[in-house]
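Subject: Structure handover

Hello,

Please find the structure below, with my notes after it.

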Amino acid sequence: MSSSPLEITEDDTLQSIFTKFGAYALDKQENLADLIEDKQGELDLEKGYLSFTEDLTFPVQILGILSKESDMFSWAWDNDDLGLPESLISEAVKVKEFGEKYDIPQFKTSLFKAEINEVHYLAMTVIGLFDDDAYYPVDVGDFVFFVTIKSDKIPKIDSIDKFQVIFDSFQRDYDVNGKRAFEAYVACKDYPVRVHEEDNFQVADIGEDKIMVGFSDRGNVNLIKIIRQE
């Protein structure tokens, strides 16, 4: 019996988990971007809210803080200096517990050197893994607070064109195995998929249309084709 594309095992690393959940995270981020457009978010640490407008205000969890001066990232579960309330760091604590369970060093190390793109990579992994609706980096003085959002206000936009763009960008822009990434993305989206192992391609149903993705023997993507219902 084959394992689920989303199953986490003791053999997984941060890279393999990112491969499984990264495209799904990009999908979520696109939903948020469509909603907020070019608005800038303001973080209220006392209330635990991120606001773009009066009508676009979201409760958040504080994931971690990046120092722009030193390029040091600290998970929010290690915040004695800031004294963040436990209610705002519960997800960060879960990240630590996950890191300890599956031996993911980046999740269980409280403070480490990281450029901002690396923290985006971590945040993408977390929102896919923990099924948040999005994340957002907020500039607060010399620091960038990375927060996660769960909210029904963020529309979940599903279309075959969006899927094609997100998946193609993900497998091109990141060092991932395209076949594993595709299998995980369709599993996250709960799209029916048919596997043609002999010819090394898979077909997923997205609404009335279909998307066919072909792979090399090493799992690299060599074909993406949308088949529209006439």
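Predicted model: local features only at pLDDT ≥ 70, side-chain atom pairs only at ≥ 80, totals over all residues.

Residues are numbered from 1 along each chain as its sequence is written, and side-chain values use heavy atoms, with hydrogens and water left out.

Overall

The protein has 6 helices and 11 strands; helices (H or I, at least four residues) and strands (E, at least two) are DSSP runs, numbered from the N terminus. Its radius of gyration is 19 Å, close to the 17 Å that the globule rule gives for 230 residues, so the protein is as compact as a globular protein of that length. That radius is taken over C-alpha atoms, and the globule rule is 2.2 Å times the number of residues to the power 0.38. Along the principal axes, the C-alpha atoms fill a box of roughly 55 × 40 × 30 Å.

Of the 230 residues, 48% count as buried (buried is under 20% relative accessible area, exposed over 50%, partly exposed in between, with a 1.4 Å probe and protein chains only). The accessible surface comes to about 12,400 Å², and 46% of it belongs to carbon and sulfur atoms. Areas come from the Shrake-Rupley method with a 1.4 Å probe; for residues, only the protein chains shown count as cover. Among contacts with a separation of 6 or more, 56% are between residues 24 or more positions apart, where contact means heavy atoms within 4.5 Å.

Helices H5 and H6

H5 (residues 160–173) and H6 (residues 178–189) pack at an angle of about 145°, with their axes 10 Å apart. Axes are lines fitted to C-alpha atoms, for helices over the stretch in contact, and angles run from 0 to 180 degrees between N-to-C directions. The contact is formed by Phe163, Ile166, Phe167 and Phe170 on the H5 side and by Gly178, Ala181, Phe182, Tyr185 and Val186 on the H6 side. By class, this contact has 8 nonpolar, 1 polar and no charged residues (Ala, Val, Leu, Ile, Met, Phe, Trp, Tyr, Cys and Pro count as nonpolar, Asp, Glu, Lys and Arg as charged, and the others, Gly among them, as polar).

Thr19, in helix H1 (residues 14–36), is buried at 7% relative accessible area. Leaving aside neighbours within four places in sequence, Thr19 is in contact with Phe170, Val176, Asn177, Arg180, Ala181 and Ala184. Phe170 and Ala181 also belong to the contact of H5 with H6.

Ile62 and Leu66 both lie in strand E3. Ile62 counts as buried at 1% relative accessibility, and Leu66 is buried at 2%. Not counting residues up to four places away in sequence, Ile62 touches Leu43, Leu45, Ala76, Leu84, Leu88, Ile89, Ala92, Phe145, Phe146 and Val147. With the same exclusion, the residues that Leu66 touches include Asp71, Ile116, Phe143 and Phe146. The C-alpha atoms of Leu66 and Leu111 are 9.6 Å apart, at 45 residues along the chain.

Phe143 lies in strand E7 (residues 143–149) and is partly exposed, with a relative accessible area of 39%. Apart from residues up to four places away in sequence, Phe143 touches Ile65, Leu66, Ser67, Lys68 and Val138.

Loops

Asp71 sits in the loop between strand E3 (57–67) and strand E4 (72–75). Asp71 is not a glycine, yet has a positive phi of about 55°, and at 30% relative accessibility it counts as partly exposed. Asp190, in the loop between H6 and E8, also has a positive phi, of about 60°, without being a glycine. Asp190 is exposed, with a relative accessible area of 66%.

Asn200 is in the loop between strand E8 (193–196) and strand E9 (201–206). Asn200 is buried, with a relative accessible area of 15%. Beyond its neighbours within four places in sequence, Asn200 is in contact with Lys179, Val213, Gly214, Phe215, Ser216 and Asp217.

Regards
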